[in-house]
Amino acid sequence: MTEAARFRKDIPLLNNSIHYLDNAATSLMPKTVINAVADYDGRIRSNVGRGVYAWAEQATAHYEEARRHIATAVQTKAEEIIFTSGATAALNLLATSLCRDLGSDDSVWLARDNHHSNIVPWQMAAAQKGFALRWLPAEKNGRLLPTRVVEALSADNKKPQILAVSHIANASGAHTALDALTMAVKPFTVRLVVDGAQYVPHKLPTLLQSGADFYVFSGHKCYAPTGIGVLWGKKELLDSLPPAFGGGGMVESVSSTHSTYRTTPHRFEAGTPPVSQAIGLGAAMRWIQSWDWSELTAHTNTLATSLRAGLCELPGVRFLDEKQPNDAPIISFCVNNAHPHDICQILASHQVAARGGHHCAQPLMQHWDIDGSVRFSLAPYNTANDIDAAITGVTEALQLLQ
């Protein structure tokens, strides 16, 4: 049995007939993650932090053990891992805390291919603080070119403070080379904020060497439960930020006039945290580390190449970008005179799960001058049968819609 076949065997939901090609939206959970969550909820469900009875002490131990497992997986320190409810919550937290002291003399720069979650929080902060919000120059295919980024920052009449980019674009699968970008913007004292939600499912990052100042990702895209995400930041930077939210769990003491806060990471985790979800994410990270990813990546790349080649043969199919070596196995395309939603509806009748629309990336769609696209996003548990079903479904859709 191949590594990919064993990987697939771990996913209980794949025992039915669906061809699941919507992994960029949500990936499926393996048995080990489902069992870890059920163990907490069925055996020791209780709150973490201050309880001294057995259940609470075990729950706290599992919660902090999950933090350590995640830190090991992405090669950083446990105190730099902050649990949030997802990448969106992490980016909102950052926009609130990082922009607190910005004003009309400052600017924040966004990549054109960002997900809305890496756009809207900065727009909201700009409206409150009065700093300028700018778009990094994008090539025709939507990608960043570091030399053009430097030209844009150099020409800014404000002081660039933050660059917010995607490690992998969710709508296209395009990869941003953080090392080249970091080197290019080194002369500027900007903070680099990276959305890694689409990167982590395919390759665990080495955060301390990534060049990023802050990095976020979501559990539900990397084989873990919904409702959990991670904000990573360099310890000295996190210590310099004010907490975005107040409440129980993040305070050292509270008087009638003021409060003092706990140390990082707990000062950023106000209220009851997502305990079972964090334990599930810790289990997912251990599971991800247990596989031979060179073999799994070769498998998904082969499937993605086959899918793209099959779609190329169909009349009217148009791709908006050429694949490059480090891109994710995400295939996004348009069809003249056929709406993406209609194509996905016909695909659903073939038991093919795909996604159509703007993929929460409307600025990129506007850059491409389209309303939306059809997106297939692959994971190592996908098979050649899934690819055949997808091509058959699109073929029928074109016959009906064109």
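Me: Where does Ser-97 sit, and is Ser-97 buried or exposed?

Reply: Helices here are DSSP runs of H or I with at least four residues, strands are runs of E with at least two, and both are numbered from the N terminus. Ser-97 belongs to helix H4, residues 87–98. For accessibility, buried means under 20% relative accessible area, exposed means over 50%, and partly exposed lies in between, with a 1.4 Å probe and protein chains only. Ser-97 has 3%, so it is buried. One thing to keep in mind: this is a predicted model, where local features need pLDDT of at least 70 and side-chain atom pairs count only at pLDDT 80 or more, while totals for chains, interfaces and linings use all residues. Residues are numbered from 1 along each chain as its sequence is written, and side-chain values use heavy atoms, with hydrogens and water left out.

Me: Which residues does Ser-97 touch, not counting residues up to four places away in sequence?

Reply: A contact means heavy atoms within 4.5 Å. By that rule, and with residues up to four places away in sequence set aside, Ser-97 touches Leu-241, Pro-242, Pro-243 and Ala-244.

Me: What about Arg-67: is Arg-67 buried or exposed?

Reply: Arg-67 is in helix H3, residues 54–73, and with 2% relative accessibility Arg-67 counts as buried. Next, look for polar contacts: pairs of N or O atoms within 3.5 Å, where within protein one must be able to donate a hydrogen and the other to accept it, and residues adjacent in sequence count only if both atoms are side-chain atoms. The Arg-67 side chain makes one with the side chain of Glu-269, at 2.9 Å. Leaving aside neighbours within four places in sequence, the contacts of Arg-67 include Ile-81, Phe-83, Pro-265 and His-266.

Me: How many disulfides are there?

Reply: A disulfide is a pair of cysteine sulfur atoms within 2.5 Å, and the count by this rule is zero. Take Cys-312: the closest cysteine sulfur is in Cys-334, 13 Å away, so that is too far for a bond. For Cys-360, the closest cysteine sulfur is in Cys-344, at 14 Å, again too far for a bond. Cys-312 is partly exposed at 48% relative accessibility, and Cys-360 is partly exposed at 32%.

Me: Which residues of helix H11 are buried?

Reply: In H11, residues 340–349, the buried ones are Pro-340, Ile-343, Cys-344, Ile-346 and Leu-347. Looking down the axis of H11, these buried residues fall within an arc of 160 degrees, so they line one face of the helix. That arc is taken from the directions running from the helix axis to the C-beta atoms. On the other side of H11, Gln-345 and Ser-349 are exposed.

Me: What covers the buried residues of H11?

Reply: The cover includes strand S12 (330–335), strand S15 (373–377) and helix H13 (384–401). After H11 comes Gln-351, whose phi is positive, near 65 degrees.

Me: Where is Gly-372 found?

Reply: Gly-372 is in the loop between helix H12 (362–368) and S15, and counts as buried at 9% relative accessibility. Gly-372 and Gly-357 are 15 residues apart in sequence, yet 4.3 Å apart in space, C-alpha to C-alpha.

Me: How do strands of a sheet pair?

Reply: They pair through backbone hydrogen bonds, either parallel or antiparallel. Two strands pair if DSSP finds at least two bridges between them. Here, four strands make an open sheet in the order S11-S12-S15-S14, with antiparallel pairing. Strand S11 (317–319) and S14 are the edge strands, each pairing on one side only. Between S12 and S15 there are four bridges in the antiparallel sense, and Ile-331 stands opposite Phe-376 in S15.

Me: What does strand S7 pair with, and how many of its residues are buried?

Reply: In S7, residues 214–218, five of its five residues are buried. Phe-214, Val-216 and Ser-218 point one way, while Tyr-215 and Phe-217 point the other way. Strand S6 (residues 191–195) runs parallel to S7, joined by three bridges, and Val-194 has Tyr-215 as its bridge partner in S7. With strand S8 (residues 229–233), S7 pairs in the antiparallel sense over five bridges, and there Ser-218 stands opposite Gly-229.
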